[in-house]
Amino acid sequence: MSTQIKQVIFVGLAVVLIAFMVFMLRPQGTPATSQGAPYQQTGAATEPQVDPSLTQRINTLQQQVQTDPKNEKALTELGALYFQVQQFAQAADVYNRVVDLDPKNVDVHIDLGRAYFYQGMSSTAIKEFRKAVELDPKKVDAHYNLALALSHSAPPDVDAAVASWKEVIKLAPDSDQAKKSQSFIDAYTKQQPQK
């Protein structure tokens, strides 16, 4: 078999493999929603449509912050709405503006970390969660989200994630987050090779 035919076969197989991977990795189904959720599925559309009332509220808040760029309450709500409609980059931009106005706002550091996390920016999310933990070492959400980001970083920092999950359990032993943390710890413990 000639080299040219081998190359054509190789390229053909590569194209088939790529097409198969694209097919297998595409998102399945639609986002889970609850009653009154911001998404409405319309026909064969692949992207959910935002509820018009949310769009109207976003527009109102955008006008408010344009008029008063230091309106932390409006900025925080706008960031939350962007997050709710899965516009994570816009949410991060708005949360960054709030952090600039109030660098000690633990909840906004957590929200900013989540916005980065959902953009696949684990290392930047980790920085925000660590800042939240630094500002309030007893904030369960900060430890929980830090652990998730650490476990999803590349490469995962499982030991640090487990330490953060243990802190969640210590701070709020009867919470749902503590139960989830324990299940994550158990799952990672099972994956570790026996010494």
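Mentor: Ser-181 sits in helix α9; helices are DSSP runs of H or I with at least four residues, numbered from the N terminus. The model is predicted, so local features need pLDDT of at least 70 and side-chain atom pairs pLDDT 80 or more, while totals for chains, interfaces and linings use all residues. Residues are numbered from 1 along each chain as its sequence is written, and side-chain values use heavy atoms, without hydrogens and water.

Trainee: Is Ser-181 buried or exposed?

Mentor: Buried means under 20% relative accessible area, exposed over 50%, and partly exposed in between (1.4 Å probe, protein chains only). Ser-181 has 0% relative accessibility, so it counts as buried.

Trainee: Which residues is Ser-181 in contact with, leaving aside neighbours within four places in sequence?

Mentor: Contact means heavy atoms within 4.5 Å. Ser-181 touches Tyr-144, Trp-165, Val-168 and Ile-169. Trp-165, Val-168 and Ile-169 belong to the α8 side of the α8 and α9 contact.

Trainee: At roughly what angle do the axes of α8 and α9 cross?

Mentor: Axes are lines fitted to C-alpha atoms over the stretch in contact, and angles run from 0 to 180 degrees between N-to-C directions. The axes of α8 (residues 158-171) and α9 (residues 176-191) come within 8 Å and cross at roughly 150 degrees.

How values were computed
Helix = DSSP H or I, 4+ residues; strand = E, 2+ residues; numbered from the N terminus.
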